[in-house]
Each structure stands twice: as C-alpha cells, then as structure tokens.
Amino acid sequence: MSAIVNGAGKVVDFVDERITASNWLKRNIRKVFPDHWSFLLGEIALFSFILILLSGVFLTLWFKPSMAHIVYDGAYTPLRGTGMSEAYASTLELSFEVRGGLLMRQVHHWGALVFLAAMSAHMLRVFFTGAFRKPREMNWLVGVTLLFLGVATGFTGYSLPDDLLSGTGLRIIEGGMLAIPVVGTYLSWLLFGGEYPGDDIVSRLYPLHILLFPGLIILLVTVHLMLLWYQKHTHWGGSGKTNKNVVGAPFWPVYVFKAGGFQFIVFGVIILMAATIQINPVWFWGPYDPAVVSAGTQPDWYVGFLDGALRVMPPWEPEIFGYPLTLSVLIPAIILPGLILTPLALYPWIEQYATGDRREHHVLDRPRNQPVRTGIGVAFITFYLQLWIAGGNDFFATVLDIPVNWITRFIQFGLIVLTPLSFWVTKRICIGLQRRDRDTLLHGRETGVIMVSPSGEFSELHEPLDPHSAYDLAFRERQLPIDPGPATDANGVPNPSYKANRRRARLSRFYFGDVVQKPTAEELEAAQHHELERGDRQQELTSGQQ
Amino acid sequence: MKSPSSRPAGRRSRLSRALSSRRRHPLAAIAVLVAVLFTCGGAYAALAPSASVSTDAASSTQIDDGKKLFAVGCASCHGLGGEGIVKEDGTVLGPSLIGVGAAAVDFQVGTGRMPMAAPNAQAERKPVAYNDEQIAALSAYVASLAPGPDVPDEEDVDPSAGDVARGGELFRANCAQCHNTTGQGGALSMGQYAPSLTGVSPKHIYEAMITGPQAMPVFNDETIPAQDKQDIIAFLKSVEEEPNPGGLGIGRAGPVAEGLWAWLIGIGVLIGMATWIVTRSSKS
C-alpha cells in the first residue's frame, strides 16, 4: 500500500517540479461554494448535458443520416412493406433491434427535455436574484447563447428521425423562411437543397446536431464555468455574508463530493424516467410524408412557444407592390424570437442604465426587494406560458373538453391583458411583502398574544427580532430614484444633457418609485422605544393581575 | 360380469318408477306446470333475439316496430317521418334522415350518440339506449324511407383480413389529420372534436367511414375501396392492442404531454433532490 502511495507521490512530484501546479491547485481546490438548492439548477443542466453526450454517442453508432428511400423490412411488423427513409428505418432499428437502443433513445430525449428545462429554470433563478449584475453580465450573455444553442440542438435532433412529427416541424421552419421578404425563397432552397423537403435536409442537420452545436455548447459551458470559478459564486445575504466574501463549503473535500453525488442523482432520475416513461414513439407517428399532417402535432416544449405564436396570430397578409407580405407567419416565426432574445440578452445593461448602478454585486437580491425586476420576470413567464399553451391548444382543448377556438381567443387577449396584469400584481405583492418586512423590523415578530388595555383596547404583543433575523431583513440597500437635476444651472445656462437625464430619471422612477425603503436608524430607534414602552405597560398589567 | 351401461340404466328405471308412483301426488300437476313454463320461457329468452337478428331482410313487422320506436325516441327532433325539423330561425333541430341508410342509424344509435342528451356542438359517445333488436328495427325503418348505405357484413369488417402496414399508410393519409396518428382523437373547430378510436368496434368504424357522421367526411367505396377500409380497421385494431415498449404511454399524445412530464416529474424531482442534498451539510 505504502509503495503505491510512494509511487503516486513520485509521479505527482515529477509533474509538479515541471509545471508547478501545486500552488495553483492549493489556491483553487479550497474554492468556496455556497449551499442553496437554487444554485444547483445549473448543475442539473450540466449533468443532463453530459448524459445527452454519452447517450448521443451511442445513437450515432446506428443512426443513418440519410434520406435514401427504402422499403422497410425490419423487426417492427406493423410497418413492414412501408416506404420510408433510411434515417427513419435506422431509428426503428435502434428502437426494436439494437440491444438497449430504445433506452438510449429515451435517455437522450428525456435528457434533452430536462436539459432545456434546467437551463431555463437556472436562467430564471439568475434573473430573479439579480445574479446577472456586474461583474457577471458577460456570463449572462454566455448563458443566453447557451440557451439558444440548446434550443437549436434540440430542434435539429427532433428533425433527424424523419418521422411524421419531425417532418412537420421542418415544414413549419420552411414556412417561416418563406415568409421572409425577398430572400425567403432563396434561403429555403439553400437550406433544403432545392424544393422542400428534398433529399438533403437530414444529412445537413446531422453534422449541426452532433458536431457543431454540441461543440459550441461544450466550448461555452467551459467559458461559463471558468468565469464562474474566476468571479466566484454569488451568495444570499445575511449576517456574515458580504460583497467581499463567499460563505459556504470548500470545493475539496466537500463540494466536489456533493456535486459528484448530485451528478449521479441527475443521471439516475433521467435514466429512471427513460426506463419507465415512453417518449417520442416514432413507430406510432409513421414515416414522414409531405402530404400528411396529423392532429396533435406539436414541437418539443422549448419550441412550443413559437408554434403557439403562429397559432394565435391573426391572419394578416397585406399586399405590397403586388407581393404578399405574410405577417401572420413573419411576426411569430421570425420577429418574435428576435423580440424575445434581444432584450433577454441585453437585460443586464438595460437595468444598469435605468438604475444607474454600476457597482459590483456578489450578494443576491431577494426577489421581493426588486419589485419591478420581479414583475418583469413574472410578466415574461406569463407571456411565454400563454404562448406555450397556445402551441398545444388542440391538446388542451381535448384534455379539458373546451372548444379550441376559446383557448385561442382567450390567449389572444391574454397576451395583451394578462401579461401587464401579471407584472402589476407581482409588483404589488412584492411591495406588500416589503411592507411586512419593514413592519417586522420596526415592531418585531407577531406573537399571537392579544392584550386588552384597561380602556378596552385590543392590541397584539410583538416580540423584538433577534439581531441575525433583523440583519437578514435589513442588509439590503436603499433604492432611490435618480434625480435628473435642475434644467438650468445657477446662472441660467441650460444643462445640455438634461433631457437624457430626465429620460433616465423617469426609467429609474419606474424601477424604484414605489419601492418600500427599509427603515432608517432613527425610525428603528423610535419604533423600538415605542415597543419597549408597550412592553413595560404589559409588564405592569401582568404584574397587576397577579 | 356387469356391462358399464347397466348402472345408469338401473338408475333410469328407478327414476321412472319413482315418477310414475308419484304422479298421483297432489302437487304433481303444479310441478309439471312450473317445469313446462320454465322450459318454454327459457327457450324463448335464449332463442328469440338471435332469431330476429338473423333475419337480415327487414320484415314489415320490424319496420313497423322501428317506426313506433322512432315516433317515441327520435321524432321530436327528426320529425315523424324522419324528414328533419328546421326551426323558424333556420337552426336545424334534427337533420333529415331520408337516405342516410341503416348504417348511419346503426352507428349513431349503436354507439349511444343518438338519442342526444342535449343539443351540443357534437353528439358524444355514451351508454347505448336501445338493445340490438330495437336498433335493428330503427335501422330497418330508416332504411325503408329511402335507399342508403347498409350495415356491413361481418367478414367485411374483420380486422384479421386486413393489411396492417397498408392500413397505417391509408390512415395517416386520410384520417390522422383529425384522429391523430394512433387514433387518439383531436380537437376540431368550435367545440367539435374527432373522437378517440380506441375501443370502437370494427363495424362502427366501417359505418362511420361510409356515412360520415357529424363533422366527418363520407369515405364511400370510390374514395376508399372496401378492402382499404378493412386495412384501416386492421391498423387501428393492431395499434390498439400494441403495448408501449418504452414504458408508460402517457396517452401517446406527443410533445405537449412529454414537456409537462419533463417539467413536473423531471425538474420537480431533481429540485427536490437538490433541496435534500444541500441540507446534508458537512462540518468543515
């Protein structure tokens, strides 16, 4: 045993003498990571991605990315004698003839759905807690790009088996491209190698799906993690936790095992799902045939919002110089994704501009303490969810037994009405919670003990907070709207940047105008004094009783 | 040596002796009467319905029976002569049944769609209100109004005589638009829907194709020849009996259901696990 240890020590020594890594390791291996369930959402994404890579490599060994037409003669009898592409036939082969193939297909697909769901949940966590603020704006951008790449990889994968669903999905992509004015037709012919569907699309999507997109994802995940490592993880505020430290457990020997263990939990859950729940049974959908569209055709969930936008869009098609401009497709399929992605990517800078806050932040915000940001986030979720429901309007109509037209019409109005309404409601809830925090700080915890004064007045006794809980509520900063300053200076000379300042001040008021500020030291003092007095009175009363 | 038949023979003779000795018993007449009534009643109950079904050609008594049933159960919407009722404001209370044929009645009444519970966007499948004999009588009556598609023969709808693969292609090309690829059904406009085809009898599938009930188009023998219909039935029955090799079928409903499961089960369980793992804190 000791010989082995000695031998290993010699090897390590050999390496260390040449690249002097031990210093670097010593510093980094004790890197501290804070503990909170919401910090593990990104890890779910990372680990499910690893599982997707592993199962995907397995699938490439049998999958044939070819649209060559063959007549099926495989193990699945209900399709024997049916004409199909080699891609679809090899997917059937994977499902029914390759040992473990169906499990791997299902691991790959469930893994992909969980991967994108985890990325989305992770992004929402980062958004609602303000973890994207300086110095992490760059990593936010990397994250948004990763989400986009994840959707792109997912969609190309969905299209590969050349079953009825995947072909219909591609048909919609073709429709979206054709709606682009002037160049649309050329783009579509470029992608499909001629008239849709052609014989090329599967073999063209294949390298994108198994090489380019995953390669970029691996690259960006590396950048993402290096930035995270270098910039350190954010943590929740509280006593002892500041902008200058990270409170948690060291990477070695604690966090590495937690993360390692969690990796196997993620693997386990996804493989268990794959082993017990059927996903994308392509043998039921049948081979793709451009003449066939089935009821209940939907994309995977992460593309569902685009399909939903198409379904609820009014049929607008004005004519310009005799050419139709298909707004009913152009807006939902091309413009909407841009309208969602651009503000999403730029949000850290938008908020910086509005609040004028350019300082570094390593302590997270409680969502309630940023009512407007939280409201924007919830409004986005409401908007997105409605589009997703619209994408499955026929599914929900069947399941809930209501007319599909009602769902569509409801969402057409809901997108315009419910989205701002959810913003407003969320903001008010946040402000309400802030008021309660302020009351708790000023007057202490409610005890549930009701006191009757000699004059017959009822009041509830409050117990002062312990300093730690009080700090948890009070560590946040005061948020005051920017003051645009006077339009002219003391000599009556107009300020040239006054207009820009006023614009910013207005935005800043939008963010912070209604925020409930935490109590000042004087207010706190006065309130505590008041509570003390009441406490004394209560003392007198109880002693009088005895 | 006794022959094997001697003992039952002896028993029979003992039984007949006992019967003949007791035929003067005061209760003997009553016992005979009861036995005869049971035999006759049982035989009638066992033989009568099958006898009436087996007569394919509609007898005039069957048409008369059907007419009476029709007047009670159907005429309030379809009119006394099956000519249909259109209200003054133009809404159709019940369409004309002249020429719809026995197949339409057999489908609508045989699947419980008719009589309708309430005037809805669509009549839904529910427990059947009439027995086979009454359905046959109603069909015979409506068929007597004008010629129309007839109830198919047993061998025309036998799934075992169809080609499953071909049926699948035909189903996807002609039916999946509304009924989904495996006949799960789907939504149509304004509250109408294509019903699920799971558990529908081959005869009723066939009748639906030739009569085009409600929102469904008619697929007559020129659009889809009889053999193709049989292939489609074979496909539907095959897909219905097929197990889900991948595990839980989750309705075979496709990506929306899968997305819900990925979020509710996948992310839900994993967040639960994450919450659990962060509570396992260490001392260092």
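I started with the domains of chain A: domain 1 covers 45-237 + 248-306, and domain 2 covers 430-545. A reminder to myself is that I am working with a predicted model.

Next I looked up how far apart the two domains sit. The C-alpha centres of domain 1 and domain 2 of chain A are separated by 49 Å.

Then I took the overall dimensions of chain A. Its C-alpha trace spans about 95 × 85 × 65 Å along the principal axes.

For secondary structure, I found 19 helices and 10 strands in chain A.

I also checked burial. Of the 546 residues in chain A, 37% are buried.

On to contacts inside the chain. Looking at contacts in chain A with a separation of 6 or more, I noted that 72% are between residues 24 or more positions apart.

After that I turned to the partner chain. How many residues of chain B are in contact with chain A? I got 55 residues of chain B, which meet 59 residues of chain A.

I wanted to know which elements of chain B supply that side. Those giving two or more residues are the helices α7 (164-174), α8 (176-179), α10 (226-241) and α11 (255-279), along with the strands β3 (186-187) and β4 (193-194), in chain B. The largest share comes from α11(B), with 18 residues.

Last, I sorted the side of chain B that touches chain A by residue class. I have 28 nonpolar, 23 polar and four charged residues written down for it.

Technical notes. Residues numbered from 1 in each chain as written. Chains lettered and ligands numbered in written order. Predicted model: local features only at pLDDT ≥ 70, side-chain atom pairs only at ≥ 80, totals over all residues. Contact = placed C-beta atoms within 7 Å. Helix = DSSP H or I, 4+ residues; strand = E, 2+ residues; numbered from the N terminus. Nonpolar A, V, L, I, M, F, W, Y, C, P; charged D, E, K, R; others polar. Domains from an automatic or database assignment. Buried ≥ 20, exposed ≤ 12 C-beta atoms within 10 Å, placed from the backbone.
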